[in-house]
Amino acid sequence: MDFNVRRLAADAGTFLSRAVQYTEEKLGQAEKTELDAHLENLLARAESTKHWTEKIMRQTEVLLQPNPNVRMEEFLYEMLDRKVPTRANNHELLGECMIDSGHEFGPGTAYGSALIKCGETQKQLGSAEKEFIQSSAINFLTPFRNFIEGDYKTISKERKLLQNKRLDLDAAKTRLKKARVADARSAELNTTPPLGEEYVTHFSYMLSFLHVRWLKAETELRISQSEFDRQAEITRLLLEGISSTHAHHLRCLNDFVEAQTAYYAQCYQYMVNLQKQLGSFPSSFSSNNNQSLASASGGISVPSAPAATASLPLPAPGQASPALNELRSNSGTRKARVLYDYDAGSSTELSLLADEVITVSSVPGMDSDWLMGERGNQKGKVPITYLELLN
């Protein structure tokens, strides 16, 4: 117990000495030992690294999860060391909605079938997004967070210890300076002739006390200087490790970019496949849509969109297949298999379902992109790009 009390008293004395030194420095009443320029630059670099790492982390979290309420919920689960419950993301919710509506309208209808296909693609996009978020969290956010919560906390701890050692050093310098002033004054008094034997004895004791105080101050200064130099070296070595941190973060950044590239490429492929399944609108239907848009926008010309897929171009005049030319020249009928679902754009057209077989014929004066299709008692125009003539 006695040892603890003494230790507590010594710690309290050290704390008070540092507080006095810090206050006098702020008031300009005490000198301050400045760190060397290299160490100051390292400290500034570490502080800048911490600042921008935190900022990049926050913005990346916003990118991966825009909903602040969900981010807060995930943070609380992480603080409680509990697993975050699995939830459907926006793409998956939209996909489920489309699939349900497609089944409601009927998978056999063109619109219902298209909704189901779009819904399945949206769910694929949602799954790809989850994989991207998980990969980014592991390979990008986690190393950044480890630096803030690990390496930089160690640097901050050693930096604070360096500040305390500096205050101890400056306080020791102040004590030595005061001891030297007192010793100089005692030397001046020593030149004065003694007034009596009692005075000489008292004066000798005083000189001895001041000399011991001066020696103690010098010893404390040497110890404080040694501890300060040692702590400055430890802090410098830790700060020089920031270069390794930058190299590690660069590798994490490359991993993040690769994850983004793979994610967007996967999403692009999903959408291309969906476009192939849905097919493209006939040229006349696209023209009607563009004309409607132009009239709705006050006569502003709206350029027509390119074909949905490069694999299904509309045949140019004079480049039709031999079977199609034969059908047009004979004015007869032919069986044709439907390649893609098609919703009729008007009462003169015939809706189609993929893989069904219909009867087609050529009508004089009809647009070269169309044929007349028949399915039982139903009859109407059909686009040739949706058909494959059968032998």
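In which sense do strand S3 (residues 370–375) and strand S4 (residues 378–383) pair, and over how many bridges? The pairing is antiparallel and runs over six bridges; two strands pair if DSSP finds at least two bridges between them. S3 and S4 form a hairpin with two residues between them, and Gly376 in the turn has a positive phi of about 65 degrees. Leu371 stands opposite Val382 in S4.

A word on the source: this is a predicted model, where local features need pLDDT of at least 70, side-chain atom pairs count only at pLDDT 80 or more, and totals for chains, interfaces and linings use all residues. Residues are numbered from 1 along each chain as its sequence is written, and side-chain values use heavy atoms, leaving out hydrogens and water.

Helices (H or I, at least four residues) and strands (E, at least two) are DSSP runs, numbered from the N terminus. Now to a pair of helices: the axes of H2 and H7 come within 12 Å and cross at roughly 15 degrees. That makes H2 roughly parallel to H7 (angles under 35 degrees). Contact means heavy atoms within 4.5 Å, and these residues make it:

| Helix | Contact residues |
|---|---|
| H2 (residues 37–64) | Arg45, Ala46, Thr49, Thr53, Thr60 and Leu63 |
| H7 (residues 242–278) | Ile242, Ser243, His246, His249, Phe256 and Gln260 |

Finally, Gln122 is found in helix H5 (residues 110–190). Gln122 counts as buried, with 13% relative accessibility (buried means under 20% relative accessible area, with a 1.4 Å probe and protein chains only). Not counting residues up to four places away in sequence, Gln122 touches His91, Glu92, Leu94, Gly95 and Met98.

How values were computed
Axes are lines fitted to C-alpha atoms, for helices over the stretch in contact, and angles run from 0 to 180 degrees between N-to-C directions. Angles under 35 degrees count as roughly parallel, over 145 as roughly antiparallel, 65 to 115 as roughly perpendicular and the rest as oblique. Buried means under 20% relative accessible area, exposed over 50%, partly exposed in between (1.4 Å probe, protein chains only).
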